[in-house]
Amino acid sequence: MLLEPDLSSTMEHLLKQVDDIVRVSMVEGTDHDYGHVQRVFGIATMIAKKEDADLELVQVGALLHDIGRGIGEPHGEIGAKRAREILDSRGRPTIEVDVV
């Protein structure tokens, strides 16, 4: 009998890993520091629950939404590439990476 992987614990592990990366990547003392990411995470979580969205993917996206800041401009494009690298390197399915 094949066992299905426990995706909830896998996603929890991913959220922790991404949170750790973001925490050290954000520049403190700016408008877009880790506190900003935490606020966006909280708001995104509330909206995802209300809209019955994929909570974990929304949360990963919220954590990574400003990952390109401090690397260069345009930070959105740079951040999207960096987010893809982070998720690909952790073996996330292409469909999840594309959504985030």
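**A helix pair and a pocket**

In this predicted model, the axes of helix 2 (residues 34–50) and helix 3 (residues 55–64) come within 9 Å and cross at roughly 155°. Angles over 145 degrees count as roughly antiparallel, so helix 2 is roughly antiparallel to helix 3. As for handedness, the crossing of helix 2 and helix 3 is right-handed.

Who does the touching here? On the helix 2 side, the contact is made by V37, V40, F41, A44, T45, A48 and K49. Helix 3 answers with L55, V58, Q59, A62 and L63. Sorted by class, the contact of helix 2 with helix 3 comes out as nine nonpolar residues, two polar ones and one charged one.

Helix 3 also turns up in another feature, the largest pocket, where helix 3 and helix 4 (75–89) are the elements that give two or more residues to the lining. This pocket has a volume of about 170 Å³. Its lining is made up of G61, L64, H65, H75, G76, G79, A80, A83, R84, L87, V97 and V100.

Methods
Residues are numbered from 1 along each chain as its sequence is written. This is a predicted model: local features need pLDDT of at least 70, side-chain atom pairs count only at pLDDT 80 or more; totals for chains, interfaces and linings use all residues. Side-chain values use heavy atoms; hydrogens and water are left out. Axes are lines fitted to C-alpha atoms, for helices over the stretch in contact, and angles run from 0 to 180 degrees between N-to-C directions. Helices (H or I, at least four residues) and strands (E, at least two) are DSSP runs, numbered from the N terminus. Angles under 35 degrees count as roughly parallel, over 145 as roughly antiparallel, 65 to 115 as roughly perpendicular and the rest as oblique. A crossing is left-handed if the near helix is turned anticlockwise from the far one by less than a right angle, and right-handed if clockwise. Contact means heavy atoms within 4.5 Å. Ala, Val, Leu, Ile, Met, Phe, Trp, Tyr, Cys and Pro count as nonpolar, Asp, Glu, Lys and Arg as charged, and the others, Gly among them, as polar. On a 1 Å grid over the protein atoms alone, a cavity is a set of points where a 1.4 Å probe fits but cannot get out, and a pocket is an open set with protein on both sides within 12 Å along at least five of seven lines; lining residues have an atom within 4 Å of a point. Grid points are joined across faces, edges and corners, and a volume is the space filled by probe spheres set on the points.
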